[in-house]
Amino acid sequence: MKAVTIKEAGGPEVLEWTEVEDPSPRAGEVVVDVVASALNRADVMQRMGLYPVPEGASPYPGLEVSGRISAIGEGVSGWQVGDEVCALLTGGGYAQKVAVPAGQLLTVPEGIGLTEAAALPEAVATVWSNIVMTAGLKAGETFLVHGGAGGVGTTAIQIAKTLGARVVTTVGSPEKAARAKDLGADVTINYRTQDFTEHGPYDVILDVVGGQYLERNIRSLATDGRLIIIGLQDGLEGNLNLAEMVFRRLSVHGTTLRTRPAEQKAAVVAEVREKVWPMIESGAVRLIIDETLPMAEAAEAHRLMDAGRHVGKILLVNE
């Protein structure tokens, strides 16, 4: 089969579409013939040498796919060869085939095409596991998501709104603000010209930025507020006022989905299937796809993501 490999840490040009060994399913796994994968910021960080591959994971980028099961390993039940699925991965999605633990498989939601379903698993599982399973976002609370135009952001806006929260998001342009409003954001903040702290307090903040946002995030949380940090685009360090945390009973969670044990991912996937798939099938949560490119053009897809002008997901499709 072919897969996208990373020659060395660097820019999009280090990605190569090349022949590699076919995967075989271990016990508890299936092999999926990949129809499509989708880009995530973690793929870019891996390409740049800033995100080590978890032990035992595929070295190829790609944290989600859609496709058809072509082989089933020992001990797997409930799935058959030929089933159309989408899946959450620890890596290996930029390929023609990938081995997946059966607990990380999802059926394709009704009304969603098989190709488009590749845009769902990582973003939906990331959002649900963090804002609901970790932060406990409830109806009537105020929710802030930084980067509302990305794959995680567009998903977070819609899920939080469906849960009954007041939704605030930061974006980088009037055009992205309009798209965020269309998805349900109550307030949009242009982070280039406005200060998000002026629109709080927030009960839950989902932060993909990190770095210098830490101090402002803490300052703008409501009493009993919860900050979830899932990205480090602005750097690894920030100031933390412990007095504010203690006296206002604040909590800060740093999480990543990729390195969680398989049983934890399976629990997230099961809850996503039960709670979020009905939102998608009803139309309350929509798929937002910006671009679709051939898998062999992964480098160009990464250039698009690096440019930061996209809204929603960028897909890679096996032709």
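How many nonpolar, polar and charged residues does the lining of the second largest pocket have, by class? The lining has 14 nonpolar, 8 polar and 8 charged residues. The legends below refer to a predicted model.

**Figure 1. Overall fold of the predicted chain.** The secondary structure comes to 9 helices and 15 strands. The radius of gyration is 19 Å, close to the 20 Å that the globule rule gives for 319 residues, so the chain is as compact as a globular protein of that length. The C-alpha trace spans about 55 × 40 × 35 Å along its principal axes.

**Figure 2. Burial and contacts in the chain.** Of the 319 residues, 54% count as buried. The chain exposes about 13400 Å², and carbon and sulfur atoms supply 49% of this area. Among contacts between residues at least 6 apart in sequence, 66% join residues at least 24 apart.

**Figure 3. The largest pocket, with a volume of about 1200 Å³.** This pocket is lined by 48 residues, of which Arg41, Val208, Val209, Gly231 and Gln233 are the closest to its centre. Two or more lining residues come from each of helices H1 (41-47), H2 (121-134) and H3 (151-162), and from each of strands E8 (142-146), E9 (166-171) and E15 (313-317). The lining divides into 22 nonpolar, 19 polar and 7 charged residues.

**Figure 4. The second largest pocket, with a volume of about 550 Å³.** Of its 30 lining residues, Arg26, Gly56, Ala57, Ser58 and Ala99 are the closest to the centre. Strand E6 (97-101) and helix H7 (262-275) are the elements that give two or more residues to the lining. The largest share, 5 residues, comes from E6.

Definitions and conventions: Residues are numbered from 1 along each chain as its sequence is written. This is a predicted model: local features need pLDDT of at least 70, side-chain atom pairs count only at pLDDT 80 or more; totals for chains, interfaces and linings use all residues. Side-chain values use heavy atoms; hydrogens and water are left out. On a 1 Å grid over the protein atoms alone, a cavity is a set of points where a 1.4 Å probe fits but cannot get out, and a pocket is an open set with protein on both sides within 12 Å along at least five of seven lines; lining residues have an atom within 4 Å of a point. Grid points are joined across faces, edges and corners, and a volume is the space filled by probe spheres set on the points. Helices (H or I, at least four residues) and strands (E, at least two) are DSSP runs, numbered from the N terminus. Ala, Val, Leu, Ile, Met, Phe, Trp, Tyr, Cys and Pro count as nonpolar, Asp, Glu, Lys and Arg as charged, and the others, Gly among them, as polar. The radius of gyration is taken over C-alpha atoms; the globule rule is 2.2 Å times the number of residues to the power 0.38. Buried means under 20% relative accessible area, exposed over 50%, partly exposed in between (1.4 Å probe, protein chains only). Contact means heavy atoms within 4.5 Å. Accessible areas come from the Shrake-Rupley method with a 1.4 Å probe; for residues, only the protein chains shown count as cover.
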